[in-house]
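Hi there,

Here is the structure I promised to pass on to you. Have a look at it first, and my notes follow below.

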Amino acid sequence: NHLINEELNNARSVATTLVMKGGAVTIKTIKDHLRKPSKMESFNGFAKDYVLNINKIRHADEKRSYRTIMAYRAFLIKLDQFNPSIAFDEIGPELIRDFDNYLAGECNLIKTTRAKYHDKFAVIYKDAGLRKLVEVMPNLFAGYMGRNKPKHVKLALEEIRLFKDKELKDETDNFYKTVFFFQLCTGLYYSDLKAQRAGRI
């Protein structure tokens, strides 16, 4: 109860301040003011917040698919493994190069797979720029991202359910069905999955 009352008092204080300054009092403006500052202290924290809220402000037709969200979460894991606390002013050509070297060396990822991680990095970096958290450098990710956007085929939830419940006669088909659902649940790309060995996942 103490924590709830404290948050309510904070919300009232924010609303009062907004009114005094002539600003609009909406749920969004109050939430923006109450957002924990620790989330904005590092790019990692901002990226986690971005992924957590990736579908909350989007129209139903623009919402990211489950597979895309899992790919963003996979990016967050790689980012934290590379550096768990990246300052906004650290982001530049040297850091992007080091991140690519980490993906190629430590993670043993091929260039096309690395490009997918750089794509997620670039999207979140651009959003941080829109929020004035970082001075966006043009062409920062040039040479690291794929030339063409991959064509995404979106599966309907009902199609996934039907496939999940379907019994396949061939053992090889069943194996690849298991691989497919493992990728669906983890966000791992097939090339990454092939590179894994016992004890490395």
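To start with a question: is Phe-180 buried, partly exposed or exposed? Phe-180 has a relative accessibility of 27%, so it counts as partly exposed; buried means under 20% relative accessible area, exposed over 50%, and partly exposed in between, with a 1.4 Å probe and protein chains only.

Before the rest, a word on the source. This is a predicted model, in which local features need pLDDT of at least 70 and side-chain atom pairs count only at pLDDT 80 or more, while totals for chains, interfaces and linings use all residues. Residues are numbered from 1 along each chain as its sequence is written, and side-chain values use heavy atoms, with hydrogens and water left out.

Now the rings. Rings of Phe, Tyr and Trp (its six-membered ring) pair if their centres lie within 6.5 Å; planes under 30 degrees apart count as stacked, over 60 as edge-to-face and the rest as tilted. The count by this rule is 15 aromatic pairs. One of them is Phe-163 with Phe-180, edge-to-face at 5.6 Å centre to centre and 65 degrees between the planes. This pair links distant parts of the chain, 17 residues apart: Phe-163 is in helix H7 (residues 157-165) and Phe-180 in helix H8 (residues 171-186). Helices are DSSP runs (H or I, at least four residues), numbered from the N terminus. Phe-180 also pairs with Phe-181: the centres are 5.2 Å apart and the planes at 80 degrees, so this pair is edge-to-face too. Phe-163 is partly exposed at 31% relative accessibility, whereas Phe-181, at 15%, is buried.

Next, a helix packing. H4 (residues 66-82) and H5 (residues 93-105) pack at about 105 degrees, with axes 10 Å apart. That makes H4 roughly perpendicular to H5, a term for angles of 65 to 115 degrees. The axes are lines fitted to C-alpha atoms over the stretch in contact, and angles run from 0 to 180 degrees between N-to-C directions. On the H4 side, Phe-75, Lys-78, Leu-79, Gln-81 and Phe-82 meet Leu-95, Asp-98, Phe-99, Tyr-102 and Leu-103 in H5, where contact means heavy atoms within 4.5 Å.

Lys-78 of H4 is buried, with a relative accessible area of 16%. Leaving aside residues up to four places away in sequence, Lys-78 touches Phe-99, Tyr-102, Leu-103, Cys-107, Leu-109 and Tyr-117.

Definitions and conventions: Helices (H or I, at least four residues) and strands (E, at least two) are DSSP runs, numbered from the N terminus. Angles under 35 degrees count as roughly parallel, over 145 as roughly antiparallel, 65 to 115 as roughly perpendicular and the rest as oblique.
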